Amino acid sequence: MIRWYVLFINFITFLAFGWDKQKARNGGWRTPERTLFLLAAMGGAAGAWIGMYFFRHKTAKVKFKVGIPALLLLHVIAAWMFLRIV
């Protein structure tokens, strides 16, 4: 069950970065940065990190260059701790 959630949230987060990049190019309604970070914090940090570099989006912003990998590291540590306990 957890595996499906992690796959789903990462896929959605990846798509959100692509969607926002598309809107940035076309001058459309943008996804707030807070929403992108929220998706990453909810378990989608890997999808966010991959999306950042796949779409070349938000890579110049320090808070994304540092924040997304930091969230990913926290997720990896939390998963490692969870798997050690279970």
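Val6 counts as partly exposed because its relative accessibility is 36%, where buried means under 20% relative accessible area, exposed over 50% and partly exposed in between, with a 1.4 Å probe and protein chains only. Val6 lies in helix 1, and helices are DSSP runs of H or I with at least four residues, numbered from the N terminus.

Together with Ile2, Tyr5, Leu38, Met42, Phe82, Leu83, Ile85 and Val86, Val6 makes a nonpolar surface patch of about 970 Å². The elements that give two or more residues to this patch are helix 1 (2-26), helix 2 (33-54) and helix 3 (62-85). Patch residues have over 30% relative accessible area and no salt bridge, and nonpolar side chains are joined within 5 Å.

## Basis of the model

The model is predicted, so local features need pLDDT of at least 70 and side-chain atom pairs count only at pLDDT 80 or more, whereas totals for chains, interfaces and linings use all residues. Residues are numbered from 1 along each chain as its sequence is written, and side-chain values use heavy atoms, with hydrogens and water left out.

## Aromatic pairs

Six aromatic pairs are counted, with ring centres within 6.5 Å and planes classed as stacked under 30 degrees, edge-to-face over 60 and tilted for the rest. Phe14 and Phe54 form a tilted pair, 5.5 Å centre to centre with 50 degrees between the planes; this pair links Phe14 in helix 1 to Phe54 in helix 2, 40 residues apart.

The pair of Phe54 and Phe55 is edge-to-face, because the ring centres are 5.0 Å apart and the planes stand at 90 degrees. Phe54 is exposed at 58% relative accessibility, while Phe55 is partly exposed at 22%. Phe14, Phe54 and Phe55 form one aromatic cluster.

Technical notes: Patches are made of residues with over 30% relative accessible area and no salt bridge: like charges are joined within 9 Å, nonpolar side chains (Val, Leu, Ile, Met, Phe, Trp, Tyr) within 5 Å. Accessible areas come from the Shrake-Rupley method with a 1.4 Å probe; for residues, only the protein chains shown count as cover. A salt bridge is a side-chain nitrogen of Lys or Arg within 4 Å of a carboxyl oxygen of Asp or Glu.
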